[in-house]
Amino acid sequence: MNAIEQSGRAYQELIKGIWKENPIFVSVLGMCPTLAVTNSAINGLAMGLATTFVLIGSSLLVSLMRKWIPKQVRITTYIVIIATFVSTVDLTLEAFFPKIHKELGAFIALIVVNCVILGRQEAFASKNPPWLSFLDALGMSVGFIIALLMLGGIREILGNGSFFDISLFGSHFEPWVIMILPPGGFLLLGFLLLFFNWLRAVRLDRAKLEAEKVKVQHG
Amino acid sequence: MNNQPVHTEIPIVSSAEPSSLRLIMTLGIAGFFSGLILVSAYVFTLPLIERNKEEALQAAIYRVLPGCSRYDAMILKNGELVKQDKNAAGQSVSRIFLGYSDSGSVIGFAIPASEPGFADVIRLLYGFEGTGKVIVGFEVLDSKETPGLGDRIFKDKHFVSNFTALAVEPELEAVKTGAKVKPNQVETITGATISSKAVIRALQKSLKEWRSAIDAYVQKNQLTYNQRP
């Protein structure tokens with residue numbers, strides 16, 4: 001593989017998590033934190049950032065140790081690594097940033113069961129060198145943050161009439177309480193999935209049409 | 001003739017299978033290092049976390065007792081409230097805090113309370129004005145209530161404002177939002193009923209525990225309270 005091909009591949013690994021293989025809108029992974037915490041924009045963002053840290057850390061570690069972990073016990077080992085990361089983050093935040101910890105307290109433990117993280121270890125970090133795993137983890141994290149922010153933002157606007165705690169509509173707005181309750185999460189996620197799948201289908205159709213046009217012109 | 005390659009394949013497959021010992025070793029080593037990291041992180045952060053909690057408690061005392069500038073920690077000894085010995089300070093005994101204003105007049109008591117909420121125990125601190133029989137301030141110290149719902153017990157300004165002048169007699173009462181007519185009623189949060197009721201229960205339980213001792217102390221020392229505007 002020459003240098004240009006290599007940097008092209010690296011770019012692909014970085015960018016795929018944002019749209020083509022977005023962990024939430026395409027893979028539909030990690031639904032537990034996605035639905036549980038995205039009832040406001042700031043919660044979504046905070047969860048996204050905490051997940052980013054754990055994902056990048058464990059991807060690097062798993063990738064470095066990939067040759068020594070026998071495949072029969074790989075999942076267990078990954079979970080041990082991820083859980084260690086999460087607990088350490090939890091304690092560190094509580095010791096050095098008590099304010100942030102008070103905000104995030106309930107989310108942090110949830111990160112262990114986020115299958116986006118375990119999924120990346122299994123599908124990527126266990127088979128690729130550390131620098132590619134790092135880019136992959138970074139791209140996936142950005143995709144994850146975008147998705148959580150979108151869900152959290154829309155749910156907060158509709159369910160609370162505010163965005164990042166800034167009131168938008170004044171006192172006349174009657175908030176749709178259902179949007180910040182769990183059913184609202186399911187509803188919105190359903191609509192977003194519908195929208196993104198429709199968008200993808202439209203793009204695919206257009207690409208097909210273009211291809212046919214080209215064929216006709218040349219044929 | 002064709003059999004030969006098949007025979008050679010079998011040993012390769014079985015040699016690729018690691019022994020049970022190897023698997024146990026891998027997990028053992030992973031667990032060992034994980035444990036080591038966790039224990040060191042815990043030991044390293046524990047004093048900092050304790051200090052943070054103590055600082056948060058001190059800051060909260062000043063907030064739940066408006067106008068407070070100095071306080072004494074008090075403990076129960078033989079059913080009576082006494083000042084806690086500074087040298088014996090520790091978190092093992094339950095304490096309440098008597099707050100004074102600049103001029104030295106008594107403002108009230110800051111009392112910790114706790115009660116299981118929707119998720120884990122809610123720990124809170126409230127300011128209590130002994131003779132006026134009202135709660136004058138309230139703050140959640142620690143909770144793991146659901147973000148966006150249960151955590152409104154400290155993020156929802158309307159709910160927190162329940163506790164700026166809440167009469168504790170005849171007793172605390174939970175009502176729906178907008179239904180408050182009496183000074184002893186608390187408006188619960190729609191969508192976070194369990195958490196709001198847990199807060200009320202915590203206050204009721206803690207009041208029951210401390211009221212008699214506080215009343216006795218106030219009477220014995222003939223404390224006069226700062227008149228609140």
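This is a predicted model: local features need pLDDT of at least 70, side-chain atom pairs count only at pLDDT 80 or more; totals for chains, interfaces and linings use all residues.
Local features need pLDDT of at least 70, side-chain atom pairs count only at pLDDT 80 or more, and totals for chains, interfaces and linings use all residues. Residues are numbered from 1 along each chain as its sequence is written, chains are lettered from A in the order in which they are written, and side-chain values use heavy atoms, without hydrogens and water.

**Exercise 1.** State how many helices and strands chain B has, and give their order.

*Solution.* Helices (H or I, at least four residues) and strands (E, at least two) are DSSP runs, numbered from the N terminus. Chain B has five helices and nine strands. Along the sequence, their pattern is α-α-β-β-β-β-β-β-α-α-β-β-β-α.

**Exercise 2.** Describe the contacts and the buried area between chain B and chain A.

*Solution.* Contact means heavy atoms within 4.5 Å. By this rule, 28 residues of chain B touch 25 residues of chain A. The buried area, which is the accessible area (1.4 Å probe) that two parts lose on being put together, summed over both, is about 2300 Å². Carbon and sulfur atoms give 70% of that area.

**Exercise 3.** Which elements of chain B give two or more residues to the side that touches chain A, and which gives the most?

*Solution.* The elements are helix 2 (20–64), strand 6 (134–142) and helix 3 (152–155) of chain B. Helix 2 of chain B gives the most, with 17 residues.
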